[in-house]
Amino acid sequence: MKTVWVIDGAYLFSYGRTRPFDYLKLKNELVRLSGGPIHESYYLNSTRDPADDARNAFHTWLKSAPPRGPKIRVQLYQLKDVHLTCVNCNHQFDREVQKGVDVGIATLIVKLAAQNLYDRLILAAGDGDFEDAIDYVKSERQKEVWVCGSQTNLSADLQSYADNVVWLEDLHPAIDKGA
């Protein structure tokens, strides 16, 4: 069975702030749980300057092959400035938001399924916005879907489509950073 792992970088980063983990150890645990190798891995996230950040040590490490790194393809998108006004006090402020990551993830999931490049998808994301993409790969392409996420913020919509839910909390201490 050919398995592909797609990662919403912001989702796993957020989880890792409360419980630091190692991506290589996480990948190894997913390989163990799935009973076979992961054919391809993709990490999608936003950054202030994708060209500059592409040289960032963390992203370079993600791309590195075992035993040094987890060998994950990295796709970075530009952050977008959004001008907002507080509804309570009318204070105006700017905030950086992701631009294109969710669309990139959904497109990648569908494109790879349409090209028949995987039998099983492991999606590390918590956003219910991926429901349509997951529905398509399951119902139209007959792909197996696993979701990997935290018990505190994994969309019930994604859980309902999953053939298997991998709870990050259940993988500790095997994936702990520095363990």
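The following legends describe close-up views of a predicted model. Residues are numbered from 1 along each chain as its sequence is written. Local features need pLDDT of at least 70, side-chain atom pairs count only at pLDDT 80 or more, and totals for chains, interfaces and linings use all residues.

View A. Helix 5 covers residues 101–114; helices are DSSP runs (H or I, at least four residues) and strands are E runs of at least two, numbered from the N terminus. Its 14 residues should span 20 Å at 1.5 Å a residue, and the end C-alpha atoms are 20 Å apart, which agrees; the expected span is 1.5 Å times one less than the number of residues. Val101, Gly104, Ile105, Leu108, Ile109, Leu112 and Ala113 are buried (under 20% relative accessible area, with exposed over 50% and partly exposed in between; 1.4 Å probe, protein chains only). These residues cover an arc of only 155 degrees around the axis, which puts them on the same side of helix 5; the arc is that of the directions from the helix axis to the C-beta atoms. Just after helix 5, Asn116 has a positive phi of about 55 degrees.

**View B. The loop between helix 4 and strand 3.** Pro67 lies in this loop, and the peptide bond from Pro66 to Pro67 is cis, with omega near 10 degrees. Lys71 is found in the loop as well, with a positive phi near 55 degrees.

**View C. Gln142.** Gln142 is placed in the loop between helix 6 (131–139) and strand 6 (144–149). Its phi is near 55 degrees, a positive value, and at 58% relative accessibility Gln142 counts as exposed.

Note on methods: Side-chain values use heavy atoms; hydrogens and water are left out.
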